[in-house]
Amino acid sequence: MFPVIFEAVETGYPRTVHVKGSTDAALDYHDRILSAIEARDADGAARLMESHITQALADMKNRQRGEPT
């Protein structure tokens, strides 16, 4: 699983790092996902991870469109 995550981060981070608010949103998602995992809330962690990925994809699309960063 780690290689898949590493590739996603390696590819996505440079595409989103300059999108305003993206880093703060990602860190918030990471904190919330970790909390859900620590609480053994698999469904909550999965929902948060899906939302995080959806947000990251939206940030990449905004960056490609040239929206303000």
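1. His52 sits in helix H3. Its relative accessibility is 12%, so His52 counts as buried. For burial, the cut-offs are under 20% relative accessible area for buried, over 50% for exposed and partly exposed in between, with a 1.4 Å probe and protein chains only.

2. Before going further, please keep in mind that this is a predicted model, where local features need pLDDT of at least 70 and side-chain atom pairs count only at pLDDT 80 or more, while totals for chains, interfaces and linings use all residues. Residues are numbered from 1 along each chain as its sequence is written, and side-chain values use heavy atoms, with hydrogens and water left out.

3. Now the overall layout. The chain has three helices and zero strands, in the order α-α-α from the N terminus. Helices (H or I, at least four residues) and strands (E, at least two) are DSSP runs, numbered from the N terminus. Along the principal axes, the C-alpha atoms fill a box of roughly 40 × 25 × 15 Å. Of the 69 residues, 19% count as buried. Among contacts with a separation of 6 or more, 48% come from residues 24 or more positions apart.

4. Which residues make up the largest nonpolar core? The five are Tyr29, Ile33, Ala36, Ala45 and Leu48. Helices H2 (22-38) and H3 (42-65) each supply at least two residues of this core, and H2 gives the most, with three. A nonpolar core is a set of buried Ala, Val, Leu, Ile, Met, Phe, Trp, Tyr and Cys residues joined through side-chain atoms within 4.5 Å. In soluble globular proteins, nonpolar side chains tend to be buried together.

5. Not counting residues up to four places away in sequence, Ile33 touches Ala45, Leu48, Met49 and His52.

6. How do H2 and H3 pack? Their axes come within 8 Å and cross at roughly 165°; axes are lines fitted to C-alpha atoms, for helices over the stretch in contact, and angles run from 0 to 180 degrees between N-to-C directions. H2 and H3 are therefore roughly antiparallel, on a scale where under 35 degrees is roughly parallel, over 145 roughly antiparallel, 65 to 115 roughly perpendicular and the rest oblique. The crossing of H2 and H3 is left-handed, that is, the near helix is turned anticlockwise from the far one by less than a right angle (clockwise would be right-handed).

7. The H2 side of this contact includes Ser22, Arg32 and Ile37, and the H3 side includes Gly44, Gln55 and Asp59. By class, the contact of H2 with H3 has eight nonpolar, six polar and two charged residues. Ala, Val, Leu, Ile, Met, Phe, Trp, Tyr, Cys and Pro count as nonpolar, Asp, Glu, Lys and Arg as charged, and the others, Gly among them, as polar.

8. Helix H1 (residues 2-16) also meets H3: the two axes come within 9 Å and cross at roughly 50°. H1 and H3 are therefore oblique to each other, and their crossing is left-handed. Gly12, Arg15 and Thr16 of H1 meet Ala56, Asp59, Met60 and Arg63 of H3. This contact of H1 with H3 has two nonpolar, two polar and three charged residues.

9. Finally, is Met1 buried or exposed? Met1, in the segment before H1, is exposed, with a relative accessible area of 79%. The C-alpha atoms of Met1 and Arg47, 46 residues apart along the chain, are separated by 18 Å.

Technical notes. Contact means heavy atoms within 4.5 Å.
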